[in-house]
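Biologist: I would like to learn how to read a model of this kind, feature by feature. Could you take me through it, starting with the domains?

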Amino acid sequence: MFTLGLDASRQLIEVLKDEDPKEECIESVFSPQIRELPMGTVGTVVTESPLAHAIVSTGAKCIVTLSPTIFDSELASISVFLEKRFAFFRAYSFEGKRIVFKLPESKMGDCSAFLSDPNFPTGKALGENNLKSLIDIFNFLIIDATSSFMSKDAIGSPVSREHAEILLKDYGERTALILRLHDMFKTGRYPAYMILSGSSRFLETFLTLAGWKRNGISCGYRKVLEAIYREGKLKTHAEKLMNESQKVRSLLAKNGWEVFDSDVPYFLARGGKDIPPNAEIFEVKTFLGFPRDVKLFFPSDDPVL
């Protein structure tokens with residue numbers, strides 16, 4: 001998987017000098033200092049994949065993935081292990097130069113839904129109406145919101161307005177957001193996931209399953225996120241990425257490629273031949289429903305702050 005995150009390796013290492021990774025830190029939950037989040041939102045940071053614990057914590061009997069996400073195989077394996085039903089719903093279609101999100105036609109009240117937003121690899125974020133409709137259809141939503149800070153309508157914010165206002169504020173009891181902090185900050189050596197939810201029941205169950213203890217890496221990531229967000233570095237990085245992406249789009253269009261609309265720096269295109277030197281390709285052959293000639297592009301000139 002390619003990463004378009006902000007390189008915060010040095011900042012994390014500096015913070016970890018004062019946070020022994022092997023020692024327990026005091027806070028198991030905290031209120032993130034992110035202005036877009038409503039009052040009372042609480043979160044936690046864990047250092048191992050949270051998907052299994054999150055699925056159990058929703059109380060649902062099945063899990064449905066709505067996105068052509070890289071997590072499909074992991075979700076399928078977890079569902080088998082937990083003895084829960086698993087389903088893949090192709091929630092998108094290619095219509096001209098647009099990618100359209102489609103909702104399930106019937107309610108699935110005993111199921112939780114997993115989706116990435118902006119969807120990987122389509123690059124399309126879900127709007128307010130779609131998110132409200134999904135809340136009506138499913139028992140619980142688990143959203144991988146890692147790429148929100150790069151989205152057109154939320155540049156620089158760890159969470160989008162739709163997530164913050166509609167889900168966590170109005171439907172928080174049935175919603176959880178996952179931020180893969182190591183992808184946001186290019187710190188793969190220290191995996192970490194921030195879990196946000198307006199449901200105290202969900203978080204209490206999750207922490208019980210995951211173990212209440214947090215280590216120095218968990219608390220270190222929280223400090224790094226809040227500092228970088230406060231200083232505006234996420235916004236600057238996202239803006240530079242979008243500018244680089246626009247250059248790639250323009251060159252591809254000149255070379256005869258049909259470019260699909262996207263809300264983030266990565267995007268789909270098809271039909272052309274020559275590839276500009278400032279573009280990288282990620283293969284999407286393994287994703288269901290993608291035309292054979294569609295390729296995923298992203299800028300190779302990674303901006304340096």
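Modeller: Domain bounds come from an automatic or database domain assignment. In this predicted model, the C-alpha centres of domain 1 and domain 2 lie 23 Å apart. The assignment gives residues 1-227 to domain 1 and 229-297 to domain 2. Contact here means heavy atoms within 4.5 Å, and 43 residues from domain 1 and 30 residues from domain 2 take part in it.

Biologist: Before we go on, what should I keep in mind about numbering and confidence?

Modeller: Residues are numbered from 1 along each chain as its sequence is written, and side-chain values use heavy atoms, with hydrogens and water left out. As this is a predicted model, local features need pLDDT of at least 70 and side-chain atom pairs count only at pLDDT 80 or more, while totals for chains, interfaces and linings use all residues.

Biologist: How much area is buried between domain 1 and domain 2?

Modeller: Buried area is the accessible area (1.4 Å probe) that two parts lose on being put together, summed over both. For domain 1 and domain 2 the value is about 3,300 Å², and carbon and sulfur atoms give 66% of that area.

Biologist: And how many polar contacts and salt bridges cross between domain 1 and domain 2?

Modeller: A polar contact is a pair of N or O atoms within 3.5 Å; within protein, one must be able to donate a hydrogen and the other to accept it, and residues adjacent in sequence count only if both atoms are side-chain atoms. The rule finds 18 residue pairs in polar contact across this interface, both residues at pLDDT 80 or more. On the domain 1 side, the elements that give two or more residues are strand S5 (92-95), strand S6 (98-101) and helix H8 (216-230). These names follow DSSP runs numbered from the N terminus: helices are H or I, at least four residues, and strands are E, at least two. H8 gives the largest share, 3 residues. By residue type, the domain 1 side divides into 23 nonpolar, 12 polar and 8 charged; Ala, Val, Leu, Ile, Met, Phe, Trp, Tyr, Cys and Pro count as nonpolar, Asp, Glu, Lys and Arg as charged, and the others, Gly among them, as polar.

As for salt bridges, the term means a side-chain nitrogen of Lys or Arg within 4 Å of a carboxyl oxygen of Asp or Glu. The count between the two domains is 3, and the structure holds 14.

Biologist: Which residues does Asp 261 pair with?

Modeller: Asp 261 meets Lys 152 at 3.4 Å, N to O, and Lys 124 with the closest N and O atoms 3.1 Å apart. The pair with Lys 124 links distant parts of the chain, 137 residues apart: Asp 261 is in the loop between strand S12 (258-259) and strand S13 (267-270), and Lys 124 in the loop between S7 and H4. For accessibility, buried means under 20% relative accessible area, exposed over 50%, and partly exposed in between (1.4 Å probe, protein chains only). Asp 261 has 37%, so it is partly exposed, whereas Lys 124 is buried because its value is 18%.

Biologist: Which residues of helix H5 are buried?

Modeller: In H5 (161-170) they are Glu 162, His 163, Ala 164, Ile 166, Leu 167 and Leu 168. Their cover includes helix H4 (128-137) and strands S8 (138-144), S9 (175-180) and S10 (193-197).
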